[in-house]
Amino acid sequence: MHRATSTGQRLYFRVAKNVGCMLLSFRTTMRLLTHNMLTSHVKGVTNGYPLKLQAENIKVMSVDFNPEFVARMIPKLEWQALVQAAESIGHLGDLPRELVPEYESNEEFLKMAHHVLMEVEVIEGNLECPETGRKFPIKNGIPNMLLNEDEV
Amino acid sequence: MAAPMNQESGDVKTKLSKSERKAQKKQIKARQTLLRHEGINTSREVTKHLVVANAGMSNGVHREELWRLFETHGDLLDIVMVTGKPYAFVSYNDDQSAAAAFAVFNGRMLKSPQELQQPNVTFYLNYIDEVPSQRAAGLDLPPGLRLVEDFISPACAARLMEGLGWSNEQQQHTDAEQALRHRRVKHYGYEFRYDNNNVDKDKPLPGGLPDWCSPVIDKMMSEGHIKHRPDQITVNQYQPGQGIPPHVDTHSAFEDEISSLSLGGQTVMDFKHPSGKRVPVVLPARSLLVMSGEARYLWTHGIIPRKMDPVPVQGQEESMTLARREVRTSFTLRKIRHTPCDCKYPSQCDSQLQKTGASLPRSEGEAAQLEQQHVHQVYEDIASHFSSTRHSPWPRVVDFLKTQPIGALVVDVGCGNGKYLGANKDVYSLGNDRSCGLAEICRDRQLEVFVCDALSVPIRTGAVDAAISIAVIHHFCTQERRLKAVKELARLLKPGGKALIYVWAFEQEYKNVKSNYLKDSKEHQNDDVRDKSSTISDDIRGATSPDSGQSDSVQEQQGAGLPVHVNRTSFKTQDMLVPWHLRDGAKKQQKDCRPASP
């Protein structure tokens, strides 16, 4: 069993390294950074944020780490929503529940944030409106946020 | 180890050489293909008739060449060729001649150019009991089409050419004379405008119709071929290999009868019914063709650009041969129409399509319904085709995106195939589109995307640094909804954030300079907007409607009560449907993008 797994992994990395374009069809997911921006927009809803995340299929992918990018992104986030979402799908890891002071220069922290924001991706699942319970499905990595006529 | 090979291969008498075996294999294959694809039963016995694979019209073989080859081997009776087929039928008066030809030609590569013009051609022959009757030949002419052969004398034709004054050397082109990509053109009476396929009815050309045309027009009238005296003539000169895309002459521009007089070489004009029925009509030199009624209003006509035409052999209508084209000069004679067209073919009639008038939606529900039918469903149908024609980002949009600093959050509302989502690698780009098909294309490109309507974008208020909406908002069919889309875009921006919006302009001319959209019409489309292969509107994303060229889809447009835009012409009204022309062969996708059930 162990051998089979390690061979599989090695093969996977070779594909990733040598045939970069092959990866295009592998990534069919929604990132947690995107989730952090999304809100329920059902008519009449006042507390539509954050959307409850239910993931049936998650993928963790390696993405180049850019500390400046992450540091500048953090003030735009709703940190608690990110922590909740990551926790609900079991990928919080060691990410602090509260923003640490001077995180801009804390590379270890930025790396953890980077991982949660950019590398954890939901392929299949649901986004649920916290107020109405309306579920927006994520299929093949694409959230369908279309509303019915009576919801707009 | 020295065991003998099997019995058969050891039998010297039946052993065939490698090339003989190959020829036999190919011959059997040809026999099977004929049966399977053409329903032609070949015979194992020797007969008088042969079917010769690789000797067909689609192989570029001439009937004369075949005749020369096969007549040397016996009493040749007939050769029948069928348009578009890779074989020919050769009939002798007796079995022996057929057998002799079989022995000479089957499986042997013909010597080029002594035997056959084309190099590397090998015939494979099979016997058949009889030559199948060619139902394809002898098609009835489209209703309303009349062909008068030898309408004018050679002397009369010469006088017309002299009057035209086109010698072989190139002349300076005057205003009413242009060299279109496909052919040389000159107008009399009124100039025919290729940008809108119409004439300026209040701007007749000075001089009217030339006197040297009068005898021909008099003859057309007195012999009763036409009822209305033409007042507009367009002369086209086609070099071999040139053609004209299939089209219906604009209904509102001309009266019922449209005449075409052919001088010089003959050609084949293709008539096509919206059902797909095709009738090729040979136009001999000095013949007069009159299109009226259904042939004028409903069928398209065009000339395929090629150097040779399959034509019936003189006196044997069921047998075809190839005829080389020569320079042909055609006089198209038409009468300008001064009242809207009231023909019986509304599906092709610009007057009647316009007459339905603009009935804009009266309620939100109607507006949403109109957009669902004429925008959303269209994009689902054309997603992949749309994407394949939209690969170049507009530079000014890219410039705007590049001004965003590292770590900026950018949303593209109506992102289409996502061509702007990767324009600045330092920012986080989030795209959305109403079309599931387009969202999937983005997803496959590793872009972050979700499906939503631009009127209600599920992003936190004030969350993004920048937003773009490129060629999207003109799809909304009421001013209210367009305004709502702009407000929704602004809602997403953080204080001080920036948005860039592009929409289609009603005005397509600025300081007397035409936009690329109008200019391209000359390059891409020399004649008619209905030529599907050449009317991909490059950037129009108006309220699109796919035009399959079928009457039913046109009627669907008509039902919406909005005028239909003619691609690559000026916009006539503020609100109109803009057809999306799928390139021939592009497949419609069947997809439906619906909200998930709550």
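**Figure 1. Order of secondary structure elements in chain A of the predicted model.** From the N terminus, chain A of this predicted model runs through its elements in the order α-β-α-β-α-α-α-β-β-β. The chain contains 5 helices and 5 strands. Of its 152 residues, 32% are buried. When contacts in chain A between residues at least 6 apart in sequence are considered, 71% of them join residues at least 24 apart.

**Figure 2. The buried residues of helix α4 of chain A.** Helix α4(A) spans residues 79-88, and its buried residues are Ala81(A), Leu82(A), Ala85(A) and Ala86(A). These residues lie on the same side of α4(A), because the arc that they cover around the axis is only 125 degrees. Gly90(A), which follows α4(A), has a positive phi, near 75 degrees.

**Figure 3. The side of chain A that touches chain B.** The contact between the chains takes 32 residues from chain A and 27 residues from chain B. On the side of chain A, at least two residues each are supplied by α2, α3 (67-73), β4 (135-139) and β5 (142-143). Helix α3(A) gives the most, with 4 residues. By residue class, the side of chain A that touches chain B comprises 15 nonpolar, 10 polar and 7 charged residues.

**Figure 4. The open antiparallel sheet of chain B.** In chain B, 5 strands in the order β1-β5-β2-β4-β3 form an open sheet with antiparallel pairing. Strands β1 (42-43) and β3 (76-81) of chain B stand at the edges; each has a single partner strand, so one side of each is left without a neighbour in the sheet. Within the sheet, β2 (residues 49-53) and β4 (residues 87-92) of chain B pair over 5 bridges. Val52(B) has Ala88(B) as its bridge partner in β4(B).

**Figure 5. Helices lying across the sheet of chain B.** Helix α3(B), residues 63-71, lies across β3 and β4 of chain B and runs at about 150 degrees to β3(B). Helix α4(B), residues 95-105, lies across β2, β4 and β5 (124-128) of chain B, at about 20 degrees to β2(B).

**Figure 6. Packing of helices α9 and α11 of chain B.** The axes of α9(B), residues 364-388, and α11(B), residues 436-444, come within 7 Å and cross at roughly 35 degrees. Helix α9(B) contributes Tyr379(B), Glu380(B), Ala383(B) and Ser387(B), which meet Cys436(B), Gly437(B), Leu438(B) and Ile441(B) of α11(B). The residues of this contact divide into 5 nonpolar, 2 polar and 1 charged.

**Figure 7. Nonpolar cores and the surroundings of Val464(B).** The largest nonpolar core has 82 residues, of which Val410(B), Val451(B) and Val464(B) touch the most other members. Helix α9(B) provides the largest share of this core, 7 residues. Apart from neighbours within four places in sequence, the contacts of Val464(B) are Leu409(B), Val410(B), Val411(B), Ile459(B), Leu492(B), Leu493(B), Lys494(B) and Gly497(B). Another core, of 37 residues, lies apart from the largest one and includes Leu145(B), Ile233(B), Val248(B) and Phe331(B).

How values were computed. Residues are numbered from 1 along each chain as its sequence is written. Chains are lettered from A and ligands numbered from 1 in the order in which they are written. This is a predicted model: local features need pLDDT of at least 70, side-chain atom pairs count only at pLDDT 80 or more; totals for chains, interfaces and linings use all residues. A residue is buried if 20 or more other C-beta atoms lie within 10 Å of its own, exposed if 12 or fewer, and partly exposed in between; C-beta atoms are placed from the backbone. The arc is that of the directions from the helix axis to the C-beta atoms. Axes are lines fitted to C-alpha atoms, for helices over the stretch in contact, and angles run from 0 to 180 degrees between N-to-C directions. Two residues are in contact if their C-beta atoms, placed from the backbone, lie within 7 Å. Ala, Val, Leu, Ile, Met, Phe, Trp, Tyr, Cys and Pro count as nonpolar, Asp, Glu, Lys and Arg as charged, and the others, Gly among them, as polar. Two strands pair if DSSP finds at least two bridges between them. A nonpolar core is a set of buried Ala, Val, Leu, Ile, Met, Phe, Trp, Tyr and Cys residues joined through C-beta atoms within 7 Å.
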